[in-house]
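User: Hi! I am new to protein structures and would like to learn how to read a strand. Could you walk me through one?

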Amino acid sequence: MTHPFMDADGDKLREECGVFGAINAADAAAATALGLHALQHRGQEAVGITSFDGTDFYSRRGLGHVAENFSSSEAIAELPGHMAVGHVRYSTTGGSGLRNVQPLYAELASGGFAVAHNGNFSNAMALRKDLVSKGSIFQSTSDTEVIIHLVATSRYPTIADRLIDALRLVEGAYALIVTTPEGMIACRDPLGIRPLVMGRMGDAIVFASESVAFDVVGAELIREVEPGEMLQVDFAGEIKSVHPFRNPSARPCIFEHVYFSRPDSIFAGQSVYEARKAIGRELAIEAPADVDLVVPVPDSGVPAAIGYAQQSGVPFELGIIRSHYVGRTFIQPSDTARHSGVKRKHNANRGLVEGKRIVLIDDSIVRGTTSLKIVEMMRDAGASEVHFRVASPPTAHSCFYGVDTPERSKLLAARMELEPMREFIKADSLAFVSIDGLYRAVGSKGRDKKCPQFCDACFTGEYPTTLTDHNMVEQKTAELPFADHTSSDSRAA
């Protein structure tokens, strides 16, 4: 779902969440707040931290940025203990509001249980319906709460076994960090769709959505949490690894390479920055442009534009200057506000682009409204030709794994072929990197059609898991009289 805390244009795919956890750390809550600050790009709507001091759990949650809620010593003092877990979020499932801010916490028969979740359960609606029919009472509208109820109703003896039992019932994508009186548990879905890494900070073990969080807190990256792996860390520092789920071929989200992760992170064993430059090089090989300047759409288009310029030999220049001070106060969800927001956020470097043939490099086209406004802005600044190159294939399908995607009918590539898209954004030419080019850029020979190496459903429509809730809604819609199926996401399933 879209919401007023998105960027001004509302025209980017947004990762839902970022998670961070620390155990056996002297200042666990402070380290968690700092780690979440490094993950702020993964969620700017709300933030929460839950700590444990060996006896009691403490929680502090708030709407807004990490710095707005956890920058004072008084705030950190409310969260004592050597173990803490934190979460930054956008809302995809459950909507905005303080009751949905994670970590979610509950008192179970076995003691306190806090969970921070990045991802989306694609059968949460069906599971919730079943749990409610059996007497469960939900306090939030977040899909994450399903995990708490499944754990609470499991009959296995240990909390780890109960969590395994719960996760065997869910489908979709998840990277979870759980805290209990016995320690911390971190786990990743069997396909590894959502990212999770483990590090060491002195005697402390830390987990995070991205390695960049470890750089900020002074931790050493140990490795990725493997797809389908569950890691248990106790207060003696012992780490136990189990693989309780079947082990299909991993399918991490390829859009982490394209846009979601910070460029200074390591994802799937590769520098995100280097991967994005490599995508730009592939794009220059596949779709050259006879131009004077290569201009990135900042900031996410910069690494790909550098790669494009290096491969093509055309100078790289900052033809668009981005303001980094567009506050949330000014962001409104109306189309008018989104369009004016583009000019608040980006401004043409007129003296550079006037009279020049330029090629704009961006990471993706979603609705197309931002791309149109930027092309128009370049023409207004005097560019003689404006070409557009995109460092990902056309985004033609919705994501059901924890990414804030517009409904499919609003995705430009779902509605139009290439030439009508070019006409819509008013560019002189338009091209996207191919799916095989994208795979080559991230270290593969190409896409394995029989067993793709990544989740690329937003490009291909090939979803790696069952979509129970979505299919249930589609079936109900199909049964309605006079139902209009032309804009349905059923084409994506």
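User: Is strand 5 mostly covered or mostly open, and how many of its residues are buried?

Analyst: Strand 5 spans residues 83–89 in this predicted model. Buried means under 20% relative accessible area, and seven of the seven residues in strand 5 are buried, so the strand is mostly covered.

User: Which way do the residues of strand 5 point?

Analyst: Here is the general idea: side chains in a regular strand alternate between the two faces of the sheet. In strand 5, Met-83, Val-85, His-87 and Arg-89 point one way. Ala-84, Gly-86 and Val-88 point the other way, and the residues of both groups are all buried.

User: Which strand does strand 2 pair with, and in what direction do they run?

Analyst: Strand 2, residues 17–23, is joined to strand 5 by seven bridges, and the two run antiparallel. To see one of these pairs, find Cys-17: its bridge partner in strand 5 is Arg-89.

User: And how many bridges join strand 3 to strand 5?

Analyst: Seven bridges link strand 3, residues 46–52, with strand 5, and these strands are antiparallel too. Look for Ile-49, which stands opposite Gly-86 of strand 5.

User: Now for the whole protein: how many helices and strands are there, and what share of the residues is buried?

Analyst: The protein has 18 helices and 23 strands. It has 493 residues, and 58% of them count as buried. As for the surface, the protein exposes about 19300 Å², with carbon and sulfur atoms supplying 51% of that area.

Definitions and conventions. Residues numbered from 1 in each chain as written. Predicted model: local features only at pLDDT ≥ 70, side-chain atom pairs only at ≥ 80, totals over all residues. Heavy atoms only, no water. Helix = DSSP H or I, 4+ residues; strand = E, 2+ residues; numbered from the N terminus. Buried < 20%, exposed > 50% of the residue type's maximum accessible area, 1.4 Å probe, protein only. Areas by Shrake-Rupley, 256 points an atom, 1.4 Å probe, with all protein chains shown as cover. Pairing = 2+ DSSP bridges.
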